[in-house]
Amino acid sequence: MDEKSFKLDIVAPDRILYKGRVYSFSAPGEVGAFQVLHNHAPIISSLVPGEIKFTDEQRNTAYYAVSGGFVEVRDNRVLALVDAAEKAGDIDVERARKSRERALERIKSRKTEIDFERARRSLERANNRLQVAQRIHEDAVIS
Ligand code: ATP
């Protein structure tokens, strides 16, 4: 494993979610999940709903559910600008279940194409939150 760390900032519209040095970072890019280690080549990628995972300098691994956004990698700095992201331990599972139920109801009623697309995206976010929330049952999660 590469021993060198690099800077990570995860920024949501209303707050800074994480700021610190990490050894590895992975995110759900639009064309597939990607991993960043020290001295990674510069990239800009958009994000789709999925999991952000990183290992900090204490060797703890953190998992976040992310809804979308962008990642820029340059000069050993990763900047993740996210629409919304929640640490695995902070996910409100009941809220995600209710959101999932609402989305499924809307999909069943299927009034217009626009409603369908909105409901599909909402379902995707809720399913992702429910999946990432499962990470708290694993060892060594920062929560
Ligand atoms: P909901 O239908 O429950 O509002 P949503 O997918 O429409 O879900 P977003 O618009 O993605 O919600 O997020 C709005 C804010 O609420 C963000 O700050 C996001 O981090 C937070 N959030 C959404 N769902 C949850 C959840 N299940 N647990 C914790 N925070 C959540």
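Is Glu-117 buried, partly exposed or exposed, and what is the relative accessible area? Glu-117 is partly exposed, with a relative accessible area of 27%; in this scheme buried means under 20% relative accessible area, exposed means over 50%, and partly exposed covers what lies in between, with a 1.4 Å probe and protein chains only. The structure is a predicted model, in which local features need pLDDT of at least 70 and side-chain atom pairs count only at pLDDT 80 or more, while totals for chains, interfaces and linings use all residues. Residues are numbered from 1 along each chain as its sequence is written, and side-chain values use heavy atoms, with hydrogens and water left out.

The side chain of Glu-117 meets that of Arg-121 in a salt bridge, at 3.1 Å from N to O. A salt bridge is here a side-chain nitrogen of Lys or Arg within 4 Å of a carboxyl oxygen of Asp or Glu. Both residues belong to helix α2, where their spacing of 4 residues separates them by about one helical turn. Helices (H or I, at least four residues) and strands (E, at least two) are DSSP runs, numbered from the N terminus. Arg-121 is partly exposed, at a relative accessible area of 47%. The pair is part of a network of salt bridges that links Glu-117, Arg-120, Arg-121 and Glu-124.

By this rule, 12 salt bridges are counted. One of them joins Glu-86 to Arg-129, with the closest N and O atoms 2.8 Å apart. This pair links distant parts of the chain, since Glu-86 is in strand β9 (residues 85–87) and Arg-129 is in helix α2, 43 residues apart. Glu-86 and Arg-129 are both buried. Another salt bridge is formed by Arg-74 and Glu-72, whose closest N and O atoms are 3.6 Å apart. Arg-74 is partly exposed at 46% relative accessible area, and Glu-72 is partly exposed at 26%.

Two surface patches are described next. Patches are made of residues with over 30% relative accessible area and no salt bridge; like charges are joined within 9 Å, and nonpolar side chains (Val, Leu, Ile, Met, Phe, Trp, Tyr) within 5 Å. Accessible areas come from the Shrake-Rupley method with a 1.4 Å probe, and for residues only the protein chains shown count as cover. For charges, Lys and Arg count as positive and Asp and Glu as negative, while His and the chain ends are not counted. The place of a charge is taken as NZ of Lys, CZ of Arg, CG of Asp or CD of Glu.

The positive patch consists of Arg-95, Lys-98, Arg-102, Arg-106, Lys-111, Arg-118 and Arg-125. Helices α1 (93–109) and α2 (113–133) each supply at least two of its residues, and the largest share, 4 residues, comes from α1. Arg-118 lies in helix α2 and is exposed, with a relative accessible area of 62%. The nonpolar patch is formed on the surface by Ile-44, Phe-70 and Leu-81, which together have about 340 Å² of accessible area. Of these residues, Phe-70 is found in strand β7 (residues 69–74).

Phe-70 is also a contact of Ser-45, where contact means heavy atoms within 4.5 Å. Ser-45 lies in strand β4 (residues 43–47) and is buried, at 14% relative accessibility. Leaving aside neighbours within four places in sequence, Ser-45 is in contact with Gly-29, Glu-30, Phe-34, Gly-69, Phe-70 and Val-71. The C-alpha atoms of Ser-45 and Gly-32 are 9.9 Å apart in space, and the two residues are 13 residues apart in sequence. Thr-55, in strand β5, is likewise buried, at 11% relative accessibility. Not counting residues up to four places away in sequence, Thr-55 touches Val-22, Tyr-23, Ser-24, Asn-60 and Thr-61.

Backbone angles are considered last. Most residues other than glycine have a negative phi. Arg-59 has a positive phi, near 70°. Arg-59 is placed in the loop between β5 (50–56) and β6 (61–66), and counts as partly exposed at 34% relative accessibility. Asp-75 also has a positive phi, near 50°. The place of Asp-75 is the loop between β7 and β8 (77–82), and at 68% relative accessibility Asp-75 counts as exposed.
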